Amino acid sequence: MIRLPVIFLILLNVCLVRLSAQEVVTGLQSDYRIVSSKIRQERSKGINAVDTVDLPFFEDFSGHSIYPDSTKWLDDFVFINNTYSDKQITIGIATLDAIDNSGRLYEEASSTGFKADELTSQPVNLNYTPFDNVWFSFYYQAGGLSDMPELNDSLTLQFLAPEENKWYSVWKAEPPDSNNLFRPVMIKVDQPAFLKQGFRFRFINYATLSANSSDPSMIGNCDIWNIDYILLDRNRHEGDTVFSDVAFRLPLRSILNTHEAMPWKQFRQVFLQEMGSVIPVHYRNNDIIVRNVTRDFEILDVYQNTLSHSFSAGATNIDPLSNVSYEANLIYTFNTSNEDSALFRVKAFLKTDEFDPKENDTLVYFQNFSNYFAFDDGSSEGGYGINGLGSRNAMAAYRFASYVQDTIRAIKICFNDSYQNTNKRAFDLMIWDDNNGVPGNVLYTKEEVMVEQGEFINGFYTYLIPEGVVINNNFYVGWKQRSETFLNAGFDVNTPHAGKQLYWINGLWQESQVQGSIMIRPVLGEPLRITGIKDVFKDVIKRNLSQIKIWPNPAHDYIRIDGSDIQLKESVFIRIIDLNGHELIKVPFREQIDISSLHEGIYTVVILIDGVPAALSRLIKIR
């Protein structure tokens, strides 16, 4: 715990005591990315199962899914991501925590300790002798950007002896230290009991919840372990912890100067100052020799399906075992013939030697210009709230800027599920104008709004403002509490708020002291409405666009859907049917849909509003 002049900053695992009002960041009670993908996962179980995996067994978790690759793994409890660490050696890590594969805290979670996540390999053909020098290696990290395991928590590695059908513990993580780096582990597999057809290995996380449950709404995810770069192969040796691989380490982010997303009309007013002059990328040479790599970039206008810009940043040498943060000079401003919205795919490539793994050499980011402002990256790693005595009337606010006069039509807030639903309380939704850098006059308030968890639009719940609120220049959106309950809003720890996030306690606005951003987004523009099927076709004719904007199409493992033209309320679903009319996927509306369970073919994607089809489009699924 770090003592600050005014508040206690409590990061992710908190001591739940009754103190004066304070900002608090705690762990997730659920992960909407897992919840929203679970339907797809249930449909696809077993589709990609394999009998036995041959050596080498290699996994760096650089795929697109949030679940482990089912051709390599038997279960799906861990979370594949790029946000729970900033020190990984390649893009993609497997996070073991206290949240299960449905996105909720484990039912058996307790303060006395419990078995949480596990990651179990498919059967491996290990029919070798001790003289074949079979070694198992991986990298692990304690805590990452989230809660650090305590001394009583552990990460355990077990091997299965196939003929005995018995698991043996072969390694246990050391108590975590303060450097928070990924550490390599090398284990020789030379016991005859393991050197068999059908060998398996698994990682298990043993965790404990906070012992103080006086405020269950603050009890959340904890005891994080991250795993990366697993290799099981023969003809290795004890010092074989170096890999001939140059790879991206971190994901691409927005190339706007200040926003993750913003309305297209707003961007066009300030594109010269808002457009970034570089594309930042982060990559690493995991080899022990100097390597040469070429960096290439391209920007695609998705709606027009045209290449807007491409360039090469040239070749460069990278020192052994070193990280590189590089800013590729960008002379370009987003431009398109679309008038109301735009979407661009930003892609970065590394050209490396032939023997390098290629899965981790490409990054993709979608720059979205729809009808909302966003500073967060859409990924919640924690929960934010103001808690303690005196917080009944506390307020939280986030500053945005409207570059032309506009109208706020809704506010999206990502609220986390809370332990035993204890954050299901009322609050007042607020909009303020600016008073010398802090919230000023109240422009809008809606009293006694309930905390709601969104089932769609990436976990955000949309609070509509039918009458609209006219704004210009700086404005603030947020809430006023009606109780001392921790509201547990989604919190993006990867995005600094840059002084734009404030909170009010005891008559004084103060700059937030936590590092990250509340996941709150104002929606601007035309009035939001529920669109019927007739309106959709009228709009299609008027704008000469397909009914639903889907990309990529053809698609391999996922599609993204722009819902800005089909205005939404609570009961909105995406339905995917085959040519015979059989429903194969039905999920609550969200911008990204996993289609990896579908076979090759042609499908119809339908948006359902209150059970009635409102728009549709054809989809081609490829390998």
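Which residues is glycine 601 in contact with, leaving aside its neighbours within four places in sequence?

The views below show a predicted model, in which local features need pLDDT of at least 70 and side-chain atom pairs count only at pLDDT 80 or more, while totals for chains, interfaces and linings use all residues. Residues are numbered from 1 along each chain as its sequence is written, and side-chain values use heavy atoms, with hydrogens and water left out.

**View 1. Glycine 601 in strand β38.**
Glycine 601 belongs to strand β38, residues 601-609. Strands (E, at least two residues) and helices (H or I, at least four) are DSSP runs, numbered from the N terminus. Apart from neighbours within four places in sequence, glycine 601 is in contact with Leu619, Ile620 and Lys621; contact means heavy atoms within 4.5 Å. The C-alpha atoms of glycine 601 and isoleucine 620 are 5.9 Å apart, although 19 residues separate the two in sequence. Glycine 601 has a relative accessible area of 23% and is therefore partly exposed. Buried means under 20% relative accessible area, exposed means over 50%, and partly exposed lies in between (1.4 Å probe, protein chains only).

**View 2. The whole protein chain.**
Four helices and 39 strands make up the count for the protein chain. Of its 623 residues, 59% are buried. Among contacts between residues at least 6 apart in sequence, 76% join residues at least 24 apart. The accessible surface is about 25500 Å², and 48% of this belongs to carbon and sulfur atoms. Accessible areas come from the Shrake-Rupley method with a 1.4 Å probe; for residues, only the protein chains shown count as cover.

**View 3. The nonpolar cores.**
A nonpolar core is a set of buried Ala, Val, Leu, Ile, Met, Phe, Trp, Tyr and Cys residues joined through side-chain atoms within 4.5 Å. The largest one has 67 residues, and Phe334, Ile408 and Phe427 have the most contacts inside it. Strand β27 (residues 461-481) gives the most to this core, namely eight residues. A second, separate core has 35 residues, including Phe61, Val134, Tyr140 and Trp225.

**View 4. Strand β25 and its partners β26 and β27.**
Strand β25 (residues 426-435) pairs with strand β26 (residues 438-450) in the antiparallel sense over eight bridges. Two strands pair if DSSP finds at least two bridges between them. Tryptophan 432 is opposite valine 442 in β26. The two strands form a hairpin with two residues between them, and asparagine 436 in the turn has a positive phi of about 55°. β25 also runs antiparallel to β27, with seven bridges joining them. Here isoleucine 431 has valine 477 as its bridge partner.

**View 5. Aspartate 428 in strand β25.**
Aspartate 428 has 7% relative accessibility and so counts as buried. Its side chain makes a polar contact of 2.7 Å with the side chain of arginine 482. A polar contact is a pair of N or O atoms within 3.5 Å; within protein, one must be able to donate a hydrogen and the other to accept it, and residues adjacent in sequence count only if both atoms are side-chain atoms. A polar atom of the aspartate 428 side chain also lies 3.0 Å from the backbone nitrogen of glutamate 448. Leaving aside neighbours within four places in sequence, the residues in contact with aspartate 428 include Thr445, Gly478 and Trp479.

**View 6. Strand β18 between β19 and β21.**
Of the 11 residues of strand β18 (residues 291-301), 10 are buried. β18 pairs with strand β19 (residues 306-318) in the antiparallel sense over 11 bridges, and glutamate 298 has serine 310 of β19 as its bridge partner. Four residues lie between the strands of this hairpin, where asparagine 305 takes a positive phi near 55°. Eight bridges join β18 to β21, also in an antiparallel arrangement. Phenylalanine 297 stands opposite alanine 348 in β21.

**View 7. Serine 341 in the loop between β20 and β21.**
The loop that holds serine 341 runs between β20 (322-329) and β21 (342-351). Serine 341 is buried, because its relative accessible area is 3%. The side chains of serine 341 and lysine 549 are joined by a polar contact of 3.2 Å. Serine 341 is also in contact with residues including Trp264, Tyr303, Phe369 and Asp562. Its C-alpha atom is 9.3 Å from that of tyrosine 303, which is 38 residues apart along the chain.
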